[in-house]
Each structure stands twice: as structure tokens, then as C-alpha cells.
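Please read the points below with the model open beside them.

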Amino acid sequence: MTASNTLTSRTIDIMRFPLIIGVVIIHCFRATELKWSWLLEYVLSQDITRVCVPLYFAVSGYLFFYNVTAFEKSIYIKKVSSRVRTVLLPYIIWNAFCLIRFTVKPLMRGDMDFVGFLHTAFDCFIGRNLPVSEFTSVLTPSFLPADYPLWFLRDLFIYVLLSPVFFYILKSCGKYALLLLSVCFLAGWWINGTVFSISGVLYFSVGAYFGIKKLNPSEMLVAHRGRSNILLAGWLCLIVADVATFGTSYHYYIHSSQIFIGVLAAYWCATFFAERCKSDSLMDKIPGGAVFCVFVMHAIILSDTSRLLLRMLGNSEVGFITAYFANIVLSTVCPLIFYFVMNRFAPSILAFLLGGRSVPVAFRRR
């Protein structure tokens with residue numbers, strides 16, 4: 001964005017850390033038959049925080065298209081080249097770490113041959129537990145990389161490659177395209193997959209439309225403050241309805257409506273705080289690289305802490321809830337510690353691991 005001090009820019013900055021905490025909470029959900037722990041985890045991990053990924057897609061689309069007035073070849077090459085460094089490179093690096101983690105011991109013991117290594121590599125980078133021959137399966141929900149939250153980076157990069165299609169459709173008939181996608185999202189009329197999920201396509205398109213039209217979503221919500229406040233009440237009512245209708249034939253429609261309204265309500269909350277927070281608030285001091293570090297590392301940490309904590313504490317309601325919140329804390333704090341330690345002693349390596357994201361001067365070793 002050219003005007004970094006606009007309300008929308010402040011809103012996006014304030015949202016970064018809460019949204020990644022929401023993503024961590026989503027991935028800490030573990031199915032349980034214990035009544036109260038299930039209720040708590042469902043509300044937090046399957047209701048409230050389900051707005052986080054759509055908001056990330058919307059922000060990505062908005063920032064990608066904000067400075068684009070005409071989609072020329074040079075602009076396309078520049079945009080794609082930038083995302084190769086900031087999106088595709090971290091996808092490769094962190095899934096490569098998972099590949100090393102899965103193969104180093106079997107290779108040292110002699111339990112894995114070259115064919116087995118190739119198959120594991122395919123699982124890590126393309127899709128877990130998929131036969132190499134079944135390339136048609138890459139559109140299914142099981143098509144996840146080894147570092148599974150990074151499916152977002154994969155999908156985002158594909159949208160970037162297809163950005164001219166998004167641009168020309170949204171430029172010519174954006175409102176109608178968004179209306180059609182919204183109906184598909186609410187009604188469930190879409191392919192059952194991840195690469196072109198309706199949530200990703202819809203909300204990337206929403207952000208792209210606002211960016212292409214040079215609209216300021218935060219200022220638009222502020223201008224209709226009364227209606228914006230109603231969004232919060234509607235979201236809370238839909239969250240209650242979501243839980244109450246779980247397991248019914250029409251639950252999907254309540255759930256999708258809750259996310260649809262929740263995205264608007266959550267963005268309005270961020271706008272509200274952006275209006276009132278000082279420019280040097282805590283949210284402004286959290287580096288974007290630290291947020292990204294939590295994103296790429298939290299699932300790797302969860303794979304170990306989740307099993308350990310559930311084995312130690314998962315025999316009762318209190319224990320299960322304690323393990324749930326402990327997972328959230330550990331999978332957030334550990335990446336942050338890694339970030340600040342690397343920032344202190346090896347900022348260049350850290351910047352490479354995070355896709356070229358710059359290291360704030362204030363945290364570098366003096």
C-alpha cells in the first residue's frame with residue numbers, strides 16, 4: 001500500500017498476530033467425547049477462529065492488487081517473482097525440513113531405499129499418503145504438504161499465477177462474480193477440494209476486488225458504524241446456532257453463514273481497535289517475520305507436544321482442556337523464541353528461512 005498510514009493499513013497490521021493465534025487454535029483442535037472440553041474446543045477452534053484463513057486470503061488479494069491499475073506483462077512478472085521468494089521459497093524450505101525429519105533416521109538405519117525416499121519426498125511436497133500415479137487426487141482435501149498449514153502458501157501461489165484471470169474477471173464484472181461465489185460458499189455448491197477451495201477463491205477475490213477498485217474497506221465500515229455493530233450481534237447469534245445445530249442436516253448452512261458474517265465482524269473489530277490504538281501499540285511492535293515464523297513452525301511443534309500432553313493430561317475434562325491451552329501456548333511461544341534468538345545471532349539465515357522477509361533493525365545484533 002502506498003499510504004501506509006491509512007486506517008485500512010493499520011487494521012491489517014493489527015490483525016496479523018491475532019489471526020495467526022487463531023490459526024494455531026484451529027490446529028490444536030482434537031476430537032474428544034468429553035462433553036465440556038469438546039464444547040470449548042469446538043467453539044474456539046471450529047467456530048470463532050474459522051474466520052482467520054478467509055481473512056488472510058482477503059488481505060493477500062487486497063495487497064496483491066492494490067497498486068495494480070493495468071495488468072501488464074512486466075507487472076505480472078514482477079509480482080510473481082516477488083511471491084516466488086516470499087511464498088514459494090518458504091513452502092519448499094519448511095517442507096524440506098519435514099522431509100529431513102522423516103527420512104534421516106530410516107536412512108541411517110538402512111530401513112529406507114532410494115525409491116522409499118522419493119515416495120516420502122512426494123508425500124512431503126505434493127500430498128501425504130497419495131500414490132505417485134494418482135495426480136488427480138491433488139484436488140482432494142487430503143492433498144496437504146508435510147507442514148500442513150503451508151497448503152495456504154501453495155494455494156496462494158497458484159492464485160498469484162492465475163492473477164490475470166482474477167484481475168480481468170473482477171475488473172469487468174466483479175460484483176456479479178463475488179455474488180455468485182458468495183452463493184456457492186453459503187450453499188456448498190463447489191468442488192470438494194483444497195487447491196481451489198470456495199473459501200480461498202471467494203475471499204482472495206473479495207480482497208482483490210477491493211484492491212483493484214482502490215476501495216478502503218475500513219473507512220467504508222466506519223462510515224456505516226451502526227450497521228457494522230449489528231454484525232457483531234449477528235455473529236454471536238450464529239455461533240450459538242452453529243453449536244446448537246451441530247450434527248443436523250442443515251448445520252453446514254448455519255456454519256457457512258457464521259463464517260461469512262464472522263469475517264465481516266472480525267474485520268470490523270480490527271478496524272475499531274485500529275481507530276483507537278496508539279501508533280506504538282503492542283500489535284504494531286510485533287514484526288511480520290515473527291508472525292510468519294509462528295505460521296510455518298507451529299504444526300511441526302504440535303506434532304510432538306500434542307501427543308505428549310494428551311498422554312500426560314488427557315484422562316479428564318480438566319486435563320484435556322489444560323492440554324489444549326498448553327498446546328496453544330507452546331506452539332506459539334516456541335516459534336517466537338526461535339525467531340528472536342535467530343534475529344539476535346543469525347538474522348541473514350532467518351531472513352532466508354522466512355522467504356526474504358527483512359529483519360527489524362531493532363532486533364539485530366549490535
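**Notes on the model**

1. Helix α1 (residues 7-27) packs with α3 at an angle of about 145°, and their axes are 10 Å apart. Axes here are lines fitted to C-alpha atoms, for helices over the stretch in contact, and angles run from 0 to 180 degrees between N-to-C directions. Helices (H or I, at least four residues) and strands (E, at least two) are DSSP runs, numbered from the N terminus.

2. The model is predicted: local features need pLDDT of at least 70, side-chain atom pairs count only at pLDDT 80 or more, and totals for chains, interfaces and linings use all residues. Residues are numbered from 1 along each chain as its sequence is written, and side-chain values use heavy atoms, with hydrogens and water left out.

3. In what sense does α1 pass α3, left-handed or right-handed? The crossing is left-handed; that term applies if the near helix is turned anticlockwise from the far one by less than a right angle, and right-handed applies if clockwise. On the α1 side the contact (heavy atoms within 4.5 Å) involves T8, I12, M15, R16, L19, I20, G22 and V23, which meet C52, V53, L55, Y56, V59, Y62 and L63 in α3. The residues of this contact divide into twelve nonpolar, two polar and one charged. Ala, Val, Leu, Ile, Met, Phe, Trp, Tyr, Cys and Pro count as nonpolar, Asp, Glu, Lys and Arg as charged, and the others, Gly among them, as polar.

4. α3 also packs with α6, at an angle of about 35° and with the axes 12 Å apart. Here α3 passes α6 in a right-handed crossing. V53, Y56, F57, S60 and F64 of α3 make the contact with W151, F152, D155, L156, Y159 and V160 of α6. The contact of α3 with α6 has nine nonpolar residues, one polar and one charged.

5. How many aromatic pairs does the structure hold? There are 31, where rings of Phe, Tyr and Trp (its six-membered ring) pair if their centres lie within 6.5 Å; planes under 30 degrees apart count as stacked, over 60 as edge-to-face and the rest as tilted. One of them joins F57 and Y159, with ring centres 5.7 Å apart and planes at 45°, so this pair is tilted. F57 lies in helix α3 (residues 52-65) and Y159 in helix α6 (residues 151-161), so the pair ties together parts that are 102 residues apart in sequence. F57 is buried at 0% relative accessibility, and Y159 is buried at 0%. Buried means under 20% relative accessible area, exposed over 50%, and partly exposed in between (1.4 Å probe, protein chains only).

6. The rings of F167 and Y168 have centres 5.3 Å apart and planes at 85°, so that pair is edge-to-face. F167 is buried at 3% relative accessibility, whereas Y168 is partly exposed at 47%.

7. Two charges sit over rings, by the rule that NZ of Lys or CZ of Arg is within 6 Å of the ring centre and within 35 degrees of the ring normal. K79 lies over the face of F64, 5.1 Å from the ring centre. R344 lies over the face of F345, 5.4 Å from the ring centre.

8. K214 has a positive phi of about 55° although it is not a glycine. This residue is found in the loop between α8 (198-212) and α9 (217-223), and K214 is partly exposed at 37% relative accessibility.

9. The chain has 15 helices and zero strands. Of its 366 residues, 48% count as buried. Among contacts between residues at least 6 apart in sequence, 73% join residues at least 24 apart.
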